[in-house]
Amino acid sequence: MQEYKIILTWEAIYDVTDIADYIEEEFGQQRADRFQSDLKEQMQNLGQFSTAFLRTQILYRGYSIHKRSFPPSIIFY
């Protein structure tokens, strides 16, 4: 099985940081930490299982970007 390299853009890093800050303010540090942990796990899994998802894509900076549901959000990879 081919493993894909997952590249995190600066935009994505800033988005995750902003979301985690919001979650911490509204729901506490523990919930924000869980959000970041869950997201990190999903990102790691994408490298191994990315072919199992639909092949919808857009091109961004020369990279193919796909989307995957991560309730209540969407991960673009």
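Which residues make up the largest nonpolar core? The core consists of Ala20, Ile23, Ala32, Phe35, Leu39, Met43 and Leu46, 7 residues in all. A nonpolar core is here a set of buried Ala, Val, Leu, Ile, Met, Phe, Trp, Tyr and Cys residues joined through side-chain atoms within 4.5 Å. H1 and helix H2 (29-49) are the elements that give two or more residues to this core, and H2 supplies the largest share, 5 residues.

The model is predicted: local features need pLDDT of at least 70, side-chain atom pairs count only at pLDDT 80 or more, and totals for chains, interfaces and linings use all residues. Residues are numbered from 1 along each chain as its sequence is written, and side-chain values use heavy atoms, with hydrogens and water left out.

The protein chain has 2 helices and 4 strands, in the order α-α-β-β-β-β from the N terminus. Helices (H or I, at least four residues) and strands (E, at least two) are DSSP runs, numbered from the N terminus.

Confidence is given as pLDDT, on a scale from 0 to 100.

| Part of the protein chain | Mean pLDDT |
|---|---|
| Protein chain | 76 |
| Helix H1 (residues 10-27), highest | 90 |
| Strand E4 (residues 73-76), lowest | 64 |

Of the residues, 64% reach 70 or more. Where pLDDT is low, the predicted coordinates should not be read in detail.

Of the 77 residues, 19% count as buried, meaning under 20% relative accessible area with a 1.4 Å probe, protein chains only. Leaving aside neighbours within four places in sequence, Ala20 is in contact (heavy atoms within 4.5 Å) with Ala32, Phe35 and Gln36.

Key:
Buried < 20%, exposed > 50% of the residue type's maximum accessible area, 1.4 Å probe, protein only. pLDDT = per-residue confidence, 0-100.
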